[in-house]
Amino acid sequence: MVAGRSPVVLNQIGALVGKRIAAHPSRPTVLRHEDGRPPWDIPDGVEVLLTRPLIGWDAAPAARPVGWGWGLRWIQSASTGMDVYPPWLLDGAPLVTCARGVSAVPIAEYVLAAVLAFEKRLDAVRLHGPEDWRRETLGGLSGRRLGLAGFGAIGQAVAERARAFGLSIGAVRRSGWTGSETGPRVEPFDRLEDLIAVSDHLVLALPLTAATRGVVGADLLARAKPGLHLVNVARGALVDQEALLAAIETGRIAGATLDVTEPEPLPSGHPFYRHPAIRLTPHLSWSAPDVEPRLAERILANLNAYARGEPLRDVVDVQAGY
């Protein structure tokens, strides 16, 4: 039985999470977010905010609203990345936690599906009649190199599954390497420039920060191994999209699988929609039937700790921005 606080919680995530939170032994009062109300407009008395992207945070004012954060003690985001929120949410805010790793498995499965689709070209060899019957040589994964730009929960989940296909794996991480963080059969790289030069597939799994915005630009793409396949499951703004298109047109980059773009959605008529070497999906790599229950479990675990006055997990590093 959890003893301690009986918090007032504003739930902006969804009904399943709200139902699970309401049944918590700390007996919280769970308030439902009112449709049309700005997500930063928090009722008096709320001390825990459960929030998520795509509910209006993109329209938040540039400056912190008067009275914002008064009484809030903890903000839990349903996303891993914090770039979707205004800077003032982290600047001097109460404790903020994220959903780090909750969607790592479905995202890793998406990545492997994208890599297999690129190598096996099943769309291209689909038959529509006997006149299409032909013999072709398909690509394979064994011995190919998979580069991971980012080696957090997502990168590690991708690496675990890529090993089963015989892929050679290399990785870079923003915080650098101090020991055996890669685990078996993952080669650590210090520079993205060196990793892209030897990779057949490069997966972007980096957070979007001031330091990573536009990191995949013309200079980096010029260093790519010819025939590279780029997979972006992180944020669209990591990539200079004009530079990517130019690199594909010249043949330096063989193709791209993009689950994220900048902006989302891309405007009508954008060349990415019709380009045969680009596969676009609508930012759904994170989705799976068990994601919302897993998120609820993560929040409940943190609510246990919060009610007891213990440290919470997945606290956002304000300086790093994730």
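The paragraphs that follow treat the sheet, a helix pair and some backbone details in turn.

This is a predicted model, in which local features need pLDDT of at least 70 and side-chain atom pairs count only at pLDDT 80 or more, while totals for chains, interfaces and linings use all residues. Residues are numbered from 1 along each chain as its sequence is written, and side-chain values use heavy atoms, with hydrogens and water left out. Helices (H or I, at least four residues) and strands (E, at least two) are DSSP runs numbered from the N terminus.

Seven strands form an open sheet with parallel pairing, in the order S8-S7-S6-S9-S10-S11-S12. Two strands pair if DSSP finds at least two bridges between them. At the edges are strand S8 (186–188) and strand S12 (278–280), each of which pairs on one side only. From one strand to the next the twist averages 20°. In general, strands of a sheet pair through backbone hydrogen bonds, either parallel or antiparallel.

Within this sheet, strand S6 (residues 145–149) pairs with strand S7 (residues 168–172) in the parallel sense over five bridges, and Gly 147 stands opposite Gly 170 in S7. Is S6 buried or exposed? Five of the five residues of S6 are buried (under 20% relative accessible area, with a 1.4 Å probe and protein chains only), so S6 is largely enclosed by the rest of the structure. In a regular strand the side chains alternate between the two faces of the sheet. In S6, Arg 145, Gly 147 and Ala 149 point one way and Leu 146 and Leu 148 the other way.

Helix H7 (residues 241–250) lies across strand S10 (228–232), strand S11 (253–258) and S12, and runs at about 140° to S11. Axes here are lines fitted to C-alpha atoms, for helices over the stretch in contact (heavy atoms within 4.5 Å), and angles run from 0 to 180 degrees between N-to-C directions.

Two packed helices are described by the angle between their axes and the distance between the axes. For helix H1 (residues 15–22) and helix H9 (residues 291–308), the axes come within 9 Å and cross at roughly 35°. Leu 16, Val 17, Arg 20 and Ile 21 in H1 meet residues of H9 including Pro 293, Ala 296, Ile 299, Leu 300 and Leu 303.

H9 has 18 residues and reaches 26 Å from its first C-alpha to its last, close to the 26 Å expected at 1.5 Å a residue, where the expected span is 1.5 Å times one less than the number of residues. Among its buried residues are Val 291, Leu 295, Asn 302 and Tyr 306. What do the buried residues of H9 pack against? They pack against H1, strand S3 (48–51), strand S4 (74–77), strand S5 (95–97) and helix H3 (104–120). Just after H9, Gly 309 takes a positive phi of about 75°.

Most residues other than glycine have a negative phi, and most peptide bonds are trans. Leu 54, in the loop between S3 and S4, has a positive phi of about 65° although it is not a glycine. Leu 54 is exposed (over 50%), with a relative accessible area of 84%. Arg 121, in the loop between H3 and S6, has a positive phi near 50°. At 29% relative accessibility, Arg 121 counts as partly exposed, between the two cut-offs of 20% and 50%.

A cis peptide bond joins Glu 262 and Pro 263, with omega about 0°. The peptide bond from Glu 264 to Pro 265 is also cis, with omega near -10°. Pro 263 is in the loop between S11 and helix H8 (271–274), and Pro 265 lies in the loop between S11 and H8.
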